[in-house]
Amino acid sequence: MLSSAAGKATHLSKTQDKSRNASRVVTRKIWLPKLLYDALPYFYLASGIAAFFATLYINEWFWVLPHYILFSAACLHLGIFVFRRRHRKKQTDTEI
């Protein structure tokens with residue numbers, strides 16, 4: 001009796017197939033115009049700073065204040081991350 005470790009191919013169920021297709025959509029690369037691509041980290045930084053300063057004008061502690069601060073922190077973090085990642089790549093290209 002000869003056997004292989006590979007085994008037989010199994011068919012995916014409908015939910016597994018949809019899950020696999022959904023993950024492809026999320027990880028798919030998208031194309032942006034160069035101007036929009038270059039402006040993206042600055043947009044994140046500007047929206048984070050604007051959201052942070054918007055919290056200064058809220059008179060009372062409404063339920064929205066923590067959301068403004070979380071949105072501000074997330075935008076600032078994402079903007080700095082994208083900015084540093086792009087400039088790190090440019091620096092390594094010029095060093096080589």
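Modeller: Helices, in this predicted model, are DSSP runs of H or I with at least four residues, and strands are runs of E with at least two.

Biologist: How many helices and strands does the protein chain have?

Modeller: Read along the sequence, the elements of the protein chain follow the pattern α-α-α. The count is therefore made on DSSP runs. It comes to three helices and zero strands.

Biologist: Which helix has the highest mean pLDDT, and which the lowest?

Modeller: The protein chain averages a pLDDT of 77, and 65% of the residues score at least 70. Where pLDDT is low, the predicted coordinates should not be read in detail. Among the elements, α2 has the highest mean, 89, and the lowest, 64, belongs to helix α1 (residues 14–27).

Biologist: Is Ser47 buried or exposed?

Modeller: Ser47 lies in helix α2. Leaving out residues up to four places away in sequence, Ser47 touches Phe71 and Cys75. The cut-off for buried is under 20% relative accessible area. Ser47 has 15%, so Ser47 is buried.

Biologist: What accessible area do the residues of the nonpolar patch have together?

Modeller: The protein chain exposes about 9200 Å², with 66% of it supplied by carbon and sulfur atoms. On the surface, Ile49, Phe52, Phe53, Leu56 and Tyr57 form a nonpolar patch. Together these residues have an accessible area of about 590 Å².

Note on methods: Residues numbered from 1 in each chain as written. Predicted model: local features only at pLDDT ≥ 70, side-chain atom pairs only at ≥ 80, totals over all residues. Heavy atoms only, no water. Patch = residues over 30% accessible without salt bridge, like charges linked within 9 Å, V, L, I, M, F, W, Y side chains within 5 Å. Areas by Shrake-Rupley, 256 points an atom, 1.4 Å probe, with all protein chains shown as cover. Salt bridge = Lys/Arg side-chain N within 4 Å of Asp/Glu carboxyl O. pLDDT = per-residue confidence, 0-100. Buried < 20%, exposed > 50% of the residue type's maximum accessible area, 1.4 Å probe, protein only. Contact = heavy atoms within 4.5 Å.
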